[in-house]
Amino acid sequence: MPIFQHQFLREFLTARLTDIQVDHDIATQVADNLVEACLKGHDSHGVSMLPRYIAAIREGGLHPHADAVLTLDAGALLSFDGGQGFGQVVGRQAMAQGIERAKQYGVAVVGLANAHHLGRIGAWAEQAAKAGLVSIHFANVNSRSPVMPWQGQKPRLGTNPFCVGIPVDGASHPLVLDFATSIIAGNKARIAWNAGQELAPGCIVDDQGRPAVDPRWLMEEPFGALLPFGKHKGSGLSVVCSLLGAALTGGLTERHDNRDTQRILNSMLSILIDPHKLGGAANYQQEIAELLDWVRSSRDDASLLLPGDAEHEKYQQRLALGIEVDDTSWRQLAALADIPAGH
């Protein structure tokens, strides 16, 4: 697999978007978000998404110049419509206004409906944590529904992410818990498919509901399905993410199945909290640090990882050594620039 420095990939992705008349500032925001996902080890939400984004633009399902439109302003409650614009743009816009309100009121509830792919939801938790805020996010995915509900026989749910971000004073990074409600994110199957690798047992089933490891069951017809994590727990949380992230915000739930287009629509409900305005503010950060140390002391070799630690370690590693891009993804990216994939 070819290895690239992050700055090359930022410039390459920006150029491919400006090639199709995406404004340079927007292109840069999208490119930076995708490269940052790769730097943090989440290739499934990284640079390999660009060909699908461009296909969605050409189909008309992604509106590259759209901004987040404020549809309701009730002080600490804000609602936005993303207008099928780049999630990397409208997500940041909605979060920025939510951060301002949380600092004003102590809390903000932000609904964002109909954004194109929001990417790694942890990025929005990091944006809030940088401002000193705790955040909770419920998101859904309106595309081809690949996840089998617990006790189901047909896929009906999205991979519907749940995320929490907590700033930690004096630490190199916030605590960010960010996961799909399926056992693995759907795009991780695509990365495995590209690399010719099998998935771990217990992640997917084939079109007859039988356990499978070949990612082809998520990539081509007849389709199988992803399984929810934790059986009924992940399945139930996925439903909640759709009800809160989409139904409550005015977005599209998985009931509106979108299997025949390249677009990926996300809707998200975010709750932002200023911890300094709650009753525990006096000892809040001390308790965080001491609890995290207590949990880490479960191992004597200091190797226990807490949410966000793996991303931080991968970030430092890939900044220094570069980002691997699988051969299939690089061929698709190179084709956008009409250059030989080996160059």
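Predicted model: local features only at pLDDT ≥ 70, side-chain atom pairs only at ≥ 80, totals over all residues.
Reader: Which residues of H1 meet H2, and how do the residues of the contact divide?

Author: From H1, the residues that meet H2 are His6, Leu9, Arg10, Leu13, Thr14, Leu17 and Thr18. Their partners in H2 include Ala27, Val30, Leu34 and Leu39. The residues of this contact divide into nine nonpolar, five polar and three charged.

Reader: Which residues of H3 are buried, and what covers them?

Author: H3 spans 50-59. Its buried residues are Leu50, Pro51, Tyr53, Ile54, Ala56 and Ile57. The cover includes H1, H2, helix H4 (87-105), strand S4 (107-116) and H11.

Reader: What covers the buried residues of H11?

Author: In H11, residues 327-337, the buried residues are Thr328, Ser329, Trp330, Leu333 and Ala334. Their cover includes strand S1 (3-4), H1, H3 and helix H6 (186-195).

Reader: Which residue caps the N-terminal end of H11?

Author: The backbone nitrogen of Thr328 lies 3.1 Å from a side-chain oxygen. Thr328 is also among the buried residues of H11. The oxygen belongs to the capping residue, Asp326.

Reader: Which residue follows H11, and what is its phi?

Author: H11 ends at residue 337. The residue that follows is Asp338, with a positive phi near 60 degrees.

Key
Residues numbered from 1 in each chain as written. Heavy atoms only, no water. Contact = heavy atoms within 4.5 Å. Helix = DSSP H or I, 4+ residues; strand = E, 2+ residues; numbered from the N terminus. Nonpolar A, V, L, I, M, F, W, Y, C, P; charged D, E, K, R; others polar. Buried < 20%, exposed > 50% of the residue type's maximum accessible area, 1.4 Å probe, protein only. Polar contact = N/O pair within 3.5 Å; in protein donor to acceptor, adjacent residues only side chain to side chain.
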